[in-house]
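Student: Hi! I've got a model open and would like to talk it through with you. Can we start with how far to trust the coordinates?

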Amino acid sequence: MRTILAAMAVVALTVPAIAQSIGDFESVDADQDGSVSLREGRVVIPDLSEADFTAADTDGSGQLNQQEFEALVAKLGL
Ligand SMILES: [Ca+2]
């Protein structure tokens with residue numbers, strides 16, 4: 001029971017923080033280079049797969065620009 005309560009507390013604390021940061025491209029782009037790397041993306045989307053990232057990278061630059069990132073967020077329903 002204690003474990004369940006602890007898990008619920010973690011979820012309650014974590015979910016709003018993620019919801020606030022996803023979609024705010026500038027805060028996801030931690031190094032402010034104008035694009036989101038797979039590593040930066042995983043900060044806000046921890047289970048982001050390399051396949052989803054690569055599929056979202058429509059220009060094949062290895063990074064997501066704002067348009068690509070927003071499309072990825074929409075695709076994942078976040
Ligand atoms: Ca970046």
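Student: Which element has the lowest mean pLDDT, and which the highest?

Tutor: Helix H1, residues 2–21, has the lowest mean at 58, while H4 has the highest at 98. Where pLDDT is low, the predicted coordinates should not be read in detail.

Student: Good to know. How many helices and strands are there?

Tutor: The protein chain has five helices and zero strands, so from the N terminus the order reads α-α-α-α-α.

Student: And what share of the residues is buried?

Tutor: Buried residues account for 15% of the 78 in the protein chain.

Student: Which residues make up the largest nonpolar core?

Tutor: There are nine: Val28, Val36, Val44, Ile45, Phe53, Ala56, Leu64, Phe69 and Leu72. Helix H4 (50–56) and helix H5 (66–75) are the elements that give two or more residues to this core.

Student: Let's pick Leu64 from that list. What does Leu64 touch?

Tutor: Leaving out residues up to four places away in sequence, Leu64 touches Ser35, Val36, Gly41, Ala56, Asp57, Phe69 and Leu72.

Student: Switching topic: what does UniProt list for "domain: EF-hand"?

Tutor: An unreviewed UniProt entry lists residues 23–40 and 52–73 under that name. In the model, the span 52–73 is 59% helix and 0% strand, and its end C-alpha atoms lie 10 Å apart.

Student: Now the other end of the chain. Where is Leu76 found, and what is Leu76 in contact with?

Tutor: Leu76 is in the segment after H5. Apart from neighbours within four places in sequence, Leu76 contacts Ile45 and Asp52. The C-alpha atoms of Leu76 and Ile45 are 9.7 Å apart, although the two residues are separated by 31 places in sequence.

Student: Why does Leu76 count as partly exposed?

Tutor: Because Leu76 has 14 other C-beta atoms within 10 Å, and partly exposed covers counts between the exposed limit of 12 or fewer and the buried limit of 20 or more.

Student: What is phi of Gln32 near?

Tutor: Phi of Gln32 is near 55°, a positive value in a residue other than glycine.

Key: Residues are numbered from 1 along each chain as its sequence is written. This is a predicted model: local features need pLDDT of at least 70, side-chain atom pairs count only at pLDDT 80 or more; totals for chains, interfaces and linings use all residues. A nonpolar core is a set of buried Ala, Val, Leu, Ile, Met, Phe, Trp, Tyr and Cys residues joined through C-beta atoms within 7 Å. Helices (H or I, at least four residues) and strands (E, at least two) are DSSP runs, numbered from the N terminus. Two residues are in contact if their C-beta atoms, placed from the backbone, lie within 7 Å. UniProt positions are given in the numbering used here, feature names are shortened, and annotations may be inferred rather than shown by experiment. pLDDT is the predictor's confidence in each residue, from 0 to 100.
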